[in-house]
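Hi everyone, thanks for coming.

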Amino acid sequence: MIERLLENWLGEVSERALQVAFCQMLVNDGHTIIHSSRHAPIEHGKDIITRNAEGIICAFQLKALKGRKLKKRELSEMLPQLTELVMAKIEHPSIRAEAWHNSYLVINAEFEEEASDLLTKINEGWIQQGMPQSQLSTIVFGELYAKAKQLADNMLPSNLLLFKSLLELYLSAGDGMPEKDKYSALLRQCLPMLNADGTGVSAVECSRAIRSAALLNAIALSPYTSKNNYYAEIEVWLLYLAHIMAVAEKYGLNDDAWIANYSIIEEHIYNLLKAIVDEVKDREFMTAGDYLSDQMFYRIRVTLLCSVVAIFHLWSIILKKDITVDDYYRVCRDYIEKYRNKMQLWGEAAVPQFMSTYWYLKHVDATRTPDAMIANVLENILKVNNPGSNAGMPNPYYDAERIHLAALGIPGYDIEDDFRQHSYTAEGLMHIFVRRNWKNHMKGLWSDYSKIMACSLRPDELWQTYLWRTEKWGENINVWPKRTKDWQELKAEAMESSGKNIPSLLKRFPHILLLFIIVCPHRCTSESVRWLDTFLLSKRK
C-alpha cells in the first residue's frame with residue numbers, strides 16, 4: 001500500500017513540494033543544505049545547493065513532470081537553465097568563489113531515449129571543449145522513489161494506523177483551512193517518542209523520525225500544495241516545526257540531530273509568507289468567490305492577511321532579510337494601512353492576529369494609533385465577556401469556521417459553552433496597555449477588567465507547550481483580578497518578561513513563537529505576549 005501511495009504522490013507532486021521533500025532526502029543521504037531557493041531568476045538554475053558527505057559542493061535543479069517521460073524537445077528548451085546550472089559559479093558566503101560543483105537535474109519522471117542521447121552529447125561536448133569537470137548528472141523517478149521509500153520505511157508499513165491517517169489527509173480536498181488536530185495526530189504518530197516516558201530513545205532514532213515525519217507531512221499536505229493554498233501550508237509546516245522542537249526539547253537533542261530539518265522548513269515557511277505578500281500585492285480586492293456569500297468571511301480573511309503580512313515583515317527583521325530591495329517594505333506598509341481598519345475581532349483566537357499587526361505598526365508608526373488598536377480590542381473583550389452580556393466571546397479553542405457554522409445554526413456545531421467572565425487573552429492585552437503607560441485610560445477599564453477571570457493552561461512540562469493538545473498533561477489556571485490594584489504593582493507585573501514558562505527553543509527562535517501563537521492561539525499566554533513585546537520592540541530602528 002505504501003509503495004502505491006509513494007508512486008502516486010511522486011508522480012503528481014509539484015516542483016515546490018518536491019523541493020521540500022528532496023531536501024529531506026538529501027539530509028538523509030548526508031548532505032548539508034546550504035541554500036534552497038524560491039525559484040527566482042537570480043538562482044542561476046540552482047534550486048538547491050548542498051555540501052555532500054565528502055565535502056563536495058552539489059547543485060540541483062528540479063523539474064516536476066507529473067510522471068511523464070522527459071522528451072528531447074523539453075530537454076532542449078531547458079538547455080539555457082542547465083548550462084547555467086553547470087557553468088555558472090556559485091555565489092554564496094559559505095562557498096569559496098573558485099570552488100567547482102557537481103550538477104544534477106532532478107525529475108520525477110524518466111528520460112525518453114532521444115532525450116537521454118541528447119544529454120550524453122551535451123556532456124561530451126563540454127569534455128571536447130576542455131571542461132571535463134562540467135558534467136550534468138541526473139536523478140530520475142526510480143532514484144527519487146528509492147530515497148522516499150527509505151525515509152518512509154522508518155515508519156511504514158508496519159504502522160497501519162499511521163498509514164490510515166496519512167491516506168485520509170492525502171485524499172482530502174485541499175480547500176479552506178487544514179484540520180490541525182488531524183495533522184497533529186499524524187505528527188504524533190510519526191514521532192512516537194513524544195508519547196514515551198523520555199528514556200531509552202537515542203538521538204539517532206529521533207533524527208531518523210524527524211526526517212521521516214517531514215516527508216510524510218509533505219505527502220499529507222499535497223492537496224493544499226497543489227492548490228497553492230499557501231497559508232494552509234504555513235500552518236501545517238509550523239505544526240511540524242513545533243513537534244520536532246518538542247522532541248528536541250524533551251530529549252535535550254544537540255543541533256546535529258534536528259537543526260538541518262528545522263532550517264529547511266523555516267526557509268520554506270518564509271518563502272510561503274513571501275508568496276502570500278506577492279499575491280496581495282497584485283490583488284485590488286480581497287473578496288473570494290461570490291461577492292454576496294463572501295461577506296461573512298471577508299473581514300476574517302482581511303484580519304488574517306494583515307497578520308501574515310505583518311509577520312513577513314517581522315520575520316524579515318529577525319532573520320535579517322533585506323526587503324527594501326524588491327520593495328516588499330512598501331507593499332507591507334500599503335497593505336496594512338489600507339486594510340487594518342477592516343480587521344474583525346471574531347473570537348479570542350483572532351487576538352494574536354491583532355497582536356502581530358500591532359507589533360508591526362510599532363515598527364513603522366510612532367503615533368498612538370497602534371496603542372489605540374490594542375485598546376479597542378481589549379475594550380471589546382471586556383464588553384462582550386461582561387457578566388451582563390449574552391454569551392461572551394468564544395475562547396481561543398474555537399476557530400472562525402466553527403464559530404460561523406454555529407452562528408448559521410448548522411446541526412452538530414452548536415456552541416453551548418458560556419464564555420462570560422472568562423478570557424484567555426485580556427490579561428496579555430492589559431499588560432501591553434500598561435507597558436505603554438496608559439494609566440488614566442486603564443483606570444476607566446479596571447472595573448470591567450476585574451470582573452473577567454484570567455484563564456490559561458500550564459502544561460506539566462515545558463516541551464508539552466508545542467503540542468496542539470496536551471490532553472491530560474497540564475493544569476487549568478483561573479485567576480480573578482483584584483478589585484483595585486496599585487499602579488506601580490500593576491506596572492511591575494506588566495514589565496516582567498523573563499519568559500520562564502516559555503520553552504527555550506521558542507525563545508531561541510522568537511519568529512517561530514510569533515507565528516506559533518497565531519496557528520495555535522490557545523498557546524497565546526500573557527507571558528508569551530510580554531516576552532514577544534519586549535523582544536520585538538527591541539528590534540526597532
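Let's start with the second largest pocket, where strand β7 gives the largest share of the lining, five residues. This is a predicted model, so local features need pLDDT of at least 70 and side-chain atom pairs pLDDT 80 or more, while totals for chains, interfaces and linings use all residues. Residues are numbered from 1 along each chain as its sequence is written, and side-chain values use heavy atoms, without hydrogens and water.

A quick word on terms. A pocket is an open set of points on a 1 Å grid over the protein atoms alone, where a 1.4 Å probe fits, with protein on both sides within 12 Å along at least five of seven lines; lining residues have an atom within 4 Å of a point. Helices (H or I, at least four residues) and strands (E, at least two) are DSSP runs, numbered from the N terminus.

The second largest pocket holds about 780 Å³, the volume being the space filled by probe spheres set on the points, which are joined across faces, edges and corners. Its lining has 39 residues, with E427, S456, R458, S526 and E527 nearest the centre.

Now, what volume does the largest pocket have? About 1500 Å³. Of its 47 lining residues, G176, M177, Y231, L304 and E401 are the closest to the centre. Helix α12 provides the largest share of this lining, seven residues.
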